[in-house]
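Please open the model in your viewer and keep the selection tool ready. The tour goes from one stop to the next, and each stop begins with something to select.

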Amino acid sequence: MQDRYFIPFTEEMKKEYTILIPNMLPIHFKLIMSILSTDGFKTELLETSNAQIPEIGLKYTHNDTCYPAVLVIGQFLEALQSGRYDPHKVALIMFQTGGGCRASNYISLIRKALAKAGFDYVPVISFSLHGIEKHPGFKLSVKLLHGMMYAILYADLLMSLNNQVRPYEINKGESEKLCAQWTKKLGHELGTQRISYKKIKKNYAEIVKSFAAIPIKKEDRVKVGVVGEIFVKYSPLANNDLERFLISEGAEVVVPGLYDFCLFFVYNYMMEPKLYRKKVYLYPLWKILYKFLCNKKEDLSRAIRAHSNFDTATPFDHVAHMAEDLIHHAVKMGEGWLLTAEMVELAESGCGNIVCTQPFGCLPNHICGKGMMKPIKELKPDVNIVAIDYDAGASRVNQENRLKLMLANAKKLKAEQKN
Amino acid sequence: MSKKLTLGIDIGSTTTKLVLMENDKVVYEKYQRHLSQVRQTTLEMLLALQKEHPVDRLAVAVSGSAGMGMAEAAGLSFVQEVYATAEVVNRLAPDTGAVIELGGEDAKVIFFRGGIDERMNGSCAGGTGAFIDQMAVLLNMTVDEMDAESLKATRIYPIASRCGVFAKTDIQPLLNQGASKADIAMSIYQAVVNQTITGLIQGRKIVGKVMFLGGPLYYCEGLRRRFYKTLELTEDRAIFPEYALYAVAMGAAMYATDAKELAFDELVSRIEESARNEKKRSDRLPPLFESEEEYAEFCARHEKATVAQTDITTYSGKAWLGIDCGSTTTKLALIAEDKSLLYTYYNSNKGNPVKLVKEQLEIIYDLCGDRITICGSSVTGYGEDLIKHAFHIDEGLVETIAHYTAAKHFQPDVDFIIDIGGQDMKCFRIRNGAIDSILLNEACSSGCGSFIETFARAMGYEIAEFAKLGLKAKAPVNLGSRCTVFMNSSVKQSQKDGASVEDISAGLSASIVKNALYKVIRATSPEELGKHVVVQGGTFYNDAVLRSFEKELGTTVIRPSVAGLMGAYGAALHVMKSEQSTILTPEALKTFKHDSTSAICKGCANHCHLTINKFSDGGRFISGNQCQKALGIDKAEEIPNMFKWKRDFFESLKPQEGGKRGKIGLPMALSMYEFAPLWHKLFTTLGFEVHFSALSNRATYEKGQFTIPSDTACYPAKIMHGHMEELMEKGLDVLFYPGLTYNIDEGAGNNHYNCPVVAYYAELLNGNMEELQKVRFLFPYLSLDSEKQLVATLLPALQQIDKSISKSETKKAVRAAFAYYEQYKKELRQAGADALAFAKEHGKRVMILAGRPYHVDPEICHGIDKLATSLGFVVVTEDTVAHLAPVQYVKVLDQWTFHARLYRAAAFACENENVELVQLVSFGCGVDAITTDEIRSILEAKHKHYTQIKIDEITNLGAVKIRLRSLLGALEERG
C-alpha cells in the first residue's frame, strides 16, 4: 500500500537535487555521504542545532510523538523555511528501521508535516534495508551497501578511539582534530577510489597508530556507558550534549557503535525463520552474511590490538548471547534485546556505570530498558544504571542532577574497588 | 585533633539550608525559603551565620538541584543530594533499611540492605512537595490546615497517582460533587504514597527500619500516617530523626571534610561573583509589544467588545439568571430584557459551590426586591447537576451550547471559539450555524489557567498584577508547551538563570497559548481557525495571554469584556424564552441546608464511590456513579452495548473441571482480550482446566502496583501485574501469556504487528515479578499466521508443561482453537449487526467506542460505555464494524492489526449517518499519537465529529460526560 503523500525521487532529481540528511552521527553520516557521492548523489548534512528546531517540530507534528521525530521534522522544516535552499531542488532522506515500533512511521510523519507546512512536493526518501518504498532515482546497489559497511566500520573506529583519547589528551582538542582529519581523508578515499580491503586494513592500522601517538596523561576517570534509543543515544541535539557533559564531569564515555545496531537487524533476519518456522531455508543464507559481517568487525578489533592498548569492542556474536537469560531474541522492536545485551556487556567489560537514554514514553524501552534494570541488577549487583528521558519539555537541571547521582556512585564504587 | 569547620549548603527547589559542623558535631543550622532568589538568600544566610557564629576559615560543599549552577560558577565542590543523604544515614543511623525522602520537586528512595540502591523519580512524576502545595491551594487551605483536616478523614477516594496534573483532574470534580475536604486531603496523601510506591519502590522489598526525610514528611502528619499504613510499618520500624530537614546539608558538610579550606570572606565574594559567571541557559522569546503605540492600539481594539450594564437598583421588569459552575470558579450573570447585565459574579468556588450559589442568590434576591422577577434560570458546567438539583434550576445546559450562544451575541458570524478556563481548554468550530467540531484538552494540558494563578500567588502577586508585568517583559522566557509539571521545572530553571518576574509572566502566557494551539487545536495557521475567532474564559482576562495568542496566531481576535462569564451569560441568554421559573423562592432559600455524605455503591462489581448530597427540602443528589444503577434506574441496560457483550462473552469462558493435565492460568489483560477464546479452546481441548483472572477493578491494579518498573507505560499494561498476582493467589502454578510480535493477519495493512508493549510485556513481568520465579510462567513466541506455524511454535512450550503432549494432539487442539476463534468473531459480528439493526429500528444513534480490544475492561474504560448508553447511544466496538468498511489507504504506515481496525471503523462511521466514532486512547500510548491524527482526518473529511477520550487511572467521568454530552448536543443541533 503506497503512502498518499509519496513523491518518488526520480532519476532526473538525482542529477540536480541536494539530499538533506538529519544529524545523528556526524562522522558516520559524513562517510556514508561520500559513498553516496560515488553514485552521483549530492548530499548535505544538516548540522543546525538551535532552540527553534524542537519548536518547529512541535508545531508541525503531534506533540505526543517521540522526540526524535519532533527533532528531525523540526530540523528539516527549519532548513526548508530558512531560505538557504531552493525547496524545489531539495530532497530529504530518513533512515528507517521498520518493524513494530512507531519509529517506523517517521517517514509518514515527515511527509504529513511537510504537507502541513506547504512543502508537499519535496520528496522524502526512506533509507531502509527492508526496502519499504521504491524510488527510481535511489536504489541501493550491493556496491553502495558494501561501501557503507566500511564507512560505518571506519566511523565506529574513529568514534571509539576518540572517546578513549579525548578525556586524557594533554593538548586539548588534538583528538577531535585528528578525528576530523581522518573523516575528511577517508571520505575522500571512499568517494573517489575503488574499495580495496587491503587498503582499508592498512588504514585501520594507520588510524590506530595515529591515535596512540597522541600524548596523554592517564587520569583516574570513571567509565560511563551510554546506551538507549538510537537517535537520542547518539545525537547531541537530542540528548543535551550528554557526552560533553559526562566528560566535563570527569568521566570517560563508552558508546557502542552503529555497526552492532546493523548486525542486530541481520541477526534478527537470520533468526526469524527459525523462530516462527517460516521459510526455514533462508536461515543458512542469512547465516553466511551474518558471519561475514561479524568477521569484518573482528578484523577491526585485531588491528586495534596489534597496534595499541586501546579497548576493543566485544565480538557481536558474544554480545548477542549475553542477555539470553534475561530477554528473548524475539524482542526485536526498537533496539530490542540488543539494548539489554549492551548493558550486560558494558557491566561485564568493567563499565557498570550506564546511562540508558530514551525519548519520553518510548514503548520498546519500557520493556528492554527500564523493564530489564531489575534483572540486570540481580545478575550484576554492582551495576549503576540511570534512565534518562529526553523530550522537548524535560528540564536539563533535572537530567543533570540524576546524572550527577550516577556519577557520584560511580566514583565511590571505583574508590572502593581500589581499596 | 585539629578543629576543622565544614559548611554544608543545601539548595533545594524551595528552601536553602545551612549546616555548620565542627568535626562530627553540628554547631549551627538554619533554613529559609529562597523564593528562587538562590544566590541572594544564600548570601543573607551566610551573613547571619557569621553574626551568630563567627567563622574564619572553613571548608564548603554545596548540594541540591538548585545549588548545582551556583556551585559550578563559584568553584565550590558539589555533592549530589541523594548521595549526601546516604552518607549521613550510613554514619548516623546504620541500622536503617531504607530512606524515603520527599522534597519540593523530587522524590527519592534509598535502600541500604542488600546492596545500596538510590532512586529518584523520573521527570513525569515530578512535583511532590510542590504538588501538595498546589493541592492545598485548590482546597483553599494552607498546608497546615489541610494536614489537620486530613486527620479527620473517614474514607479514601481513588485519585490518579501518575502525576500532579492527573490528580488535580480527579480532585476537582470531587470538590464539585461536595466530597468532604478531610477525605480529599487524605486521598491526596494516599496518591503521593502510591506515586512513591509505583515510581520508586518498584517491587523492591523494604527490610528493616524506614527513615522519613524532607519537608513534606516533616510537616504533614497525615502523609506520614498514610506511609505507615500502606507500607505496614509498626512504630518501631518508622524513624523520623530530628535532623530530617537538614540531612542533605549535613551530608554536604561531611562531604566538605575533603574539600579545601577557604576564608569566609572569600566564600562570600565567590558567591557574589558567581552571578556573573553563571551560564545563561534558557532561551528567550521576542517581547509582547514592540512599542507603546502597539500596546495602545491593542487596548483600544479590545475595548470595543463590551456588554451594556443596567443598574439593578433601579431596573424593574423581567430578568433571567445564568449560572456557570466550573471546575475552579463559579460564575453568575443576571440579565435584563435588553440582554444587558444586571448583576455578575465571578469567583473561585472555594471547594463548595453550593454554599457560594446560595449566598449569591440571597444577594440577588435582596437587590431585586419586588421590582425584578426572575423568569428563568439555567446552569452549565461541571457542577451543573448538583446546582440544578439543589436550587431547582429550570434547565441544565451543555457547556458548549452555552458558550456558543454567548459568542454569537458578540460576533454573529463567529466560526471559532476558544475557551481557556481554570482547568479545561475547549475549542469549537462553527460551520453553518452549528457546532461542527469540538476539541477539548487532554489531562496532560489541563490546569494551565489555574496554574498561572497559583504560580502568581506563590510569587506573591495577584493575578491581575502578574499579567500586567508580563506585558512589559523585554525577553519572555521560553518554557515549552508541555504539561504544568514540566512548566514548573522550566520556570524554576529560568529563575536560576536570573529571569525577571516580567519575563516569566509573559513566558507562562506563551506556554498556555502554545498548549492550546499545538496540542488541543493542532493548528499551524490562522486560516485553519477561520475569520472570526472569539476567545473567552477567565484566563483570557490576562492581557498577556491574549496578546501571546494573537502573536502566535498572527491575527486579531475578539475578546468579550465578559470573557470569564461567557458560560453564565450564554446560559442566561439561552433561557430567555422562559416565562416562569422553578428556582427556589427567597423563602425556600432561607431554610435551605445542604449536607454531603459518602457511600459505596453495591450495584455491581465496580463499587463506585458515591457522594450523596441531601438538601433540606428532602431532595437528594447522588454523584460519583458510573452508571444509572446507583440512582435506582436501570434503563441503560436495555440498549445494546457491545462492550458489555464482549465482557459477558469472556466471562463465560469457564474452566472445564477435572482436566487431566491440571490447571493453567491466563491473565485477562492486553492481547487476551482478543485471543481468550482461542487459548481457552486450545488448552481445554488439550485437557487443561483453563482459569482466567477476573475482569479488572481498582483493587486489581493496586495488587500489582508494587512491581511496575516503568511508570510511564500505559494503564492496560500496568494492570497486568495485578492479574498475574491474582492468578498466583488462586494457587495456579502454570501461567501463560504468549509473546506476540505479530498479531493475526487480517489483510488490512502493510503488516500485522502488535505494539511493543502488547507483544513483549511478558518479558517485563518475568524480569520484575519475583513471585513468578516460583511458578512456571510460559511466554513462548508464537506465530498465528497458520495452524502449522502455531503448532510448530507452541509445541516446545507445551512439552515443557507436560512431555506427553504430542504433535498430533496439538494439531487437533490448534485446529479447534482457530475454529472457535472464528466462531467468536462471527458471533461478535452478528451481535454487532443486531445492535446496528436495533439502532435503526428504534431511531437511536450508534457510537463506535473505538480503541483496543482491552479497552472493554471495566477498570480501563471506567464505565464510559455505560455512560454512552445512558445518553441513549447504542455502543459498538471497532472490531464489530471494521469488516463492514473497505481497507483504508492512510497517510501513515498501517502495520498494526488493532490499529488497522480503527481506520476501517472510522470509514464505517463516515458511511453511516447515525454512527459516530469516539476514540479511546490510553495515556502513554505512543502508537496512538499516530492513529489519532489519521482517524480525525478520515472523519473530518466527511464532516463527521471526531471525539477523543484519553483514559488512564482517572476514575472520574465528569469531563468525559461533558465531552459526550457536547457531542450529543452538537449532533442534535445539526439535526
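The stops below belong to a predicted model.

**Stop 1: where the chains meet**

Select chain A and chain B together. Here 60 residues of chain A are in contact with 60 residues of chain B. On the side of chain A that touches chain B, the elements giving two or more residues include helix 3 (52-60), helix 5 (106-116) and helix 11 (258-276) of chain A. Now pick out helix 17 (396-418) of chain A, which is also among these elements. Helix 17 of chain A supplies the largest share of this side, 10 residues. Sorted by class, the side of chain A that touches chain B has 26 nonpolar, 17 polar and 17 charged residues.

**Stop 2: a residue in helix 5 of chain A**

Select A:R111, which is found in helix 5 of chain A. Is A:R111 buried or exposed? A:R111 counts as buried because it has 26 C-beta neighbours inside 10 Å, and the cut-off for buried is 20 or more.

**Stop 3: the largest nonpolar core**

Select A:I110, B:A252, B:A572, B:Y761 and B:I848. These residues have the most contacts inside the largest nonpolar core, which has 452 residues. The largest share of this core, 12 residues, comes from helix 6 (residues 142-165) of chain A. In soluble globular proteins, nonpolar side chains tend to be buried together.

Stay with A:I110. Which residues is A:I110 in contact with, leaving aside its neighbours within four places in sequence? They are A:V72, A:I73, A:F76, A:L92, A:M94 and A:V124.

**Stop 4: helices 29 and 30 of chain B**

Select residues 787-801 and 807-842 of chain B, which are helix 29 and helix 30. The two helices pack at an angle of about 125 degrees, with their axes 9 Å apart. That angle makes helix 29 of chain B oblique to helix 30 of chain B, and their crossing is right-handed. Among the residues that meet are B:L794 and B:L798 in helix 29 of chain B and B:V814 and B:F818 in helix 30 of chain B. The contact has 7 nonpolar, 1 polar and 4 charged residues.

**Stop 5: helices 17 and 20 of chain B**

Finally, select residues 463-471 of chain B, helix 17, and residues 543-553 of chain B, helix 20. Their axes come within 7 Å and cross at roughly 40 degrees, which makes helix 17 of chain B oblique to helix 20 of chain B. B:A467, B:G470 and B:L471 in helix 17 of chain B meet B:D543, B:A544 and B:R547 in helix 20 of chain B. By class, this contact divides into 3 nonpolar, 1 polar and 2 charged residues.

Note on methods
Residues numbered from 1 in each chain as written. Chains lettered and ligands numbered in written order. Predicted model: local features only at pLDDT ≥ 70, side-chain atom pairs only at ≥ 80, totals over all residues. Axes fitted to C-alpha atoms, helices over the stretch in contact; angles between N-to-C directions. Helix = DSSP H or I, 4+ residues; strand = E, 2+ residues; numbered from the N terminus. Parallel < 35°, antiparallel > 145°, perpendicular 65-115°, else oblique. Left-handed = near helix turned anticlockwise from the far one by under 90°. Contact = placed C-beta atoms within 7 Å. Nonpolar A, V, L, I, M, F, W, Y, C, P; charged D, E, K, R; others polar. Core = buried A, V, L, I, M, F, W, Y, C linked by C-beta atoms within 7 Å. Buried ≥ 20, exposed ≤ 12 C-beta atoms within 10 Å, placed from the backbone.
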